[in-house]
Structure formats: structure tokens, C-alpha cells
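Have a look at the model first.

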Amino acid sequence: MDIAQRYEAAMMPVQPMETELSISHGQGSYLYTVDGRRYLDLATGIAVNAVGYGHPKVIQAIEDQARRHLHLYSGTGYQDALIDYAEAILAEIGSGYKIFFGNSGTEAVEAAIKLARFVTGRPGVIAFRGGFHGRSLGALSLTDSAARYRSPYEPLLPSVYHVPYPAPTRLSMQPAEALRFVQLQLESLLETDIAPDRVALIVLEPIQGEGGYVIPPDGFLPWLQELANAHGILLAVDEVQSGMGRTGRMFAYQHTAISPDIVIMGKALGGGMPLSAIAARAALANQWAPGSHGTTFGGNPVSCAAGLATLQVIKDENLMAQSDRLGALALERLAPLRRLEAVRDVRGRGLMVAVEFAGEAGGALAQRVMEDMLAEGVILHMAGLRHEVIRLMPPLNIDKERFAQALDLLVRTVMAATAAQPAG
Ligand SMILES: Cc1ncc(COP(=O)(O)O)c(C=O)c1O
């Protein structure tokens, strides 16, 4: 049996395979196959490998911690690996917050919901259409980017409400109009569906990830914060995908002046190891009674050591500034695509970069471009509610020349694919 057959025989089909590559190892920005082919990885395990594969400082930190202990339940005793990393994360968020570690993004979202319900005593949670927050049942109740994620698992958590996200292309509106529309929707929800004093939490991605790398209009986050404050509702930003320097700031919400009650982190947080966290205002965190939440593996010390080493690389190598510069380069190099009728939008913030294809054929075109790019040695990833968006999430330390070449290749590939499309 070849490896594909062995996979099919042994593994559940529920997690779809996106390529037929048999991967041997990764190094820097590249993945290598068992037959010696090299692929530039602009998907980074879905925005996890922020400093590429095999960064020597991350490997060293993992080795050092693995020799000390691989796992200790975090209640066993004090461990500097956890506390060192918690302090380093808090230094990025500002004073007055505390950390709780988990393993995956979905778990961190669960923790945010539970903390908010616990401290407010209110049931309601408001989330946004097109959002992705995970697949465990609580987080899934917030996720709204595909019916197939949700429908087979109904009934989901009660008292969860969705309103549209101010996504201009999705709503076919100008940004200011989209913002006003969403404001009215949310105000109306609080008048007709759930009273504000029954809402514990508003959760949003400051840039929607799975939803298509959607950047909301500037005033959106500050307005939400004001609304939440006015009603004693907690505001949580889900930075699982947009965090850890990817957008040119440590966290995407930091492009605005807001200070959320809860920051949800995952993916790149563990430097390639499984790790997630929430940071919450200390005044809230201190009310979360001991034992009312917990975890066996959360805050694994090896994951924390890898995450801290990664954070230090991001800072020492100025990778947030690099993300800004490379993001600007991407928008410049991809600009010719804006002239194509088949391309709805080219957008990005730092190294969350997206090309959105237009209309009914958009999904098929995105798929074709992905396959053509793979054939040329570049791995990309889909997003968008109809998979009509190609997202680029390269390592923050990708070589500039190599990235520019890949962007130019993407432009040529899209041009060729649209030229080959049947008219109409
Ligand atoms: C914004 C966001 N939140 C939560 C999650 C869930 O994370 P995980 O897959 O680690 O459970 C994801 C995963 O893609 C995500 O992008």
C-alpha cells in the first residue's frame, strides 16, 4: 500500500486532505517531500509556524525544556516555563491582565465563554457571521463560517446570537455603509432579541481569518468597545489567527485604541507546539473561583518554552516591522490583479494577505489557482465563505526576494487561469 492508501485505511476522512504531498520535513520557509521536492510554504500550518520550520532557537528551547520535564499538570507545582511565558505575553498586552493556558484555539474560546458567564452571571454571547472560533461545541456555537461545521451538530449552545460582520465585499457595501449596517443590526438585536443586561460577552476576530481575511472598517472595534462598556458586556478579541506579530503588531486589535477584556490566543502562540491562552483583565480573572475551570495538558512546559523562544525571535529579529514591510510589498506586487474582472479584491494587513475572486465562479477559480501554484512549488490556503479567497500567511521571516517571486508567480498564475476561463 502506498502512503495515501495507508492514510485512507487508518485515518478518518473527516479532516480533508488538501494536497497529495508526502512530506518528509520542513526547513525555514520550505517543506520537503520524501521524493526530494521543495515547496515554499505560504500556509505555515494555518498561520502557526511564524518563524518557519526548525528555527535553531526554538529547537534549542524545546530540547532544553524536554530534558527538564515534558509534562507536569500545571497545578503540580510552580514551573518557570509557564510563568516566564505568561509574563512575556502580558508585557505585550499591557498591565492588569492575567493568563490561563490551554492547548488549542477552540479550548481558549471555551475558556473565554466560561469566564464571561462566570463573572457576569449572564448567559448571552454575541458573535459575527463568517467568524471562525473553533469546533468544540461551545466555540462551534460561535463559529459561523460554514453551515457544514454547524448543522450536523445542532442543537448548539443556547443564547448565542450572530450579527453580520462589517465585511464590505461580502455585504456589497462601501466600508462606511457596512459599518453603519452592522451597528444597526447589533442595536436592533439588543432591542428585540436579547436585552443588553443578559449579554455576557461579545466575541470577534479583529480580522476575520477563515471568513476571508476580512479587515473591518476603522471605527468598528472602538464602537464595539463603547457599546460593550455601556452595557457591562465583556469584549473578547479572538487573536488565534491574527496574533503573534502576523499583522505588524503583536495583536491585530493593537492597530486600534481598544483594550479588550479578554484576548484569545492560539496557533503561533506555541511556536509550532500545541498551546493556547486567554488573557483577561485581572479584575475579572481574580473572580474566577479556583477549580471552576481547569486542564490537564494546558500550558505544557515544552509548548511554553517553544512559544517564548518564538516570541523572542519575533522581537529580536524585528519581525513585526518585517511583517509590515512584506505586507506592503505583497499588496504592491499583487496590485495588477485588481484590474481583473474575476478578482473582487486584494487586501491585507501585514502578512495576512488575501486575493478574493468574484462571483459564482470564484471558488472554482481559487481552487484552480491553488492547484497551479502547488504544481509550481508554492503551498497556499483557501478562505472565504465559498472558498473564493486565497490567503497567504507566510512565515514572518520569509526571504523577501523569494516572497516577491512567489507573489509575481501568483499574479501570472491568476492571469493565466482567468484567461483560460470560459467567457460568461
Ligand atoms: C480565529 C480562530 N479562532 C479559533 C480557532 C480554533 O483553533 P483550533 O483549531 O486550534 O482549535 C481558529 C482556527 O483556525 C481560528 O482561526
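What follows covers the sheet, then the helices.

## Ground rules

This is a predicted model: local features need pLDDT of at least 70, side-chain atom pairs count only at pLDDT 80 or more, and totals for chains, interfaces and linings use all residues. Residues are numbered from 1 along each chain as its sequence is written.

## The sheet

Four strands make an open, antiparallel sheet in the order β11-β12-β15-β14. Strands (E, at least two residues) and helices (H or I, at least four) are DSSP runs numbered from the N terminus, and two strands pair if DSSP finds at least two bridges between them. β11 (343–349) and β14 (381–383) sit at the edges with a single partner strand each, so one side of each has no neighbour in the sheet. On average, neighbouring strands are turned by 25° against each other, direction ignored.

β11 pairs with β12 (residues 352–357) over 6 bridges, in the antiparallel sense. Arg 347 stands opposite Ala 354 in β12.

## Helices on the sheet

Helix α13 (residues 319–334) lies across β11, β12 and β15 (389–392), at about 165° to β11. Angles run from 0 to 180 degrees between N-to-C directions, with axes fitted to C-alpha atoms, for helices over the stretch in contact. Helix α14 (residues 362–375) lies across β11, β12, β14 and β15, at about 40° to β15.

## Where α14 meets α15

The axes of α14 and α15 (residues 400–419) come within 10 Å and cross at roughly 130°. Among the residues in contact (C-beta atoms, placed from the backbone, within 7 Å), Leu 365 and Asp 372 are on the α14 side, and Leu 409 and Thr 413 on the α15 side.

Note on methods:
Contact = placed C-beta atoms within 7 Å.
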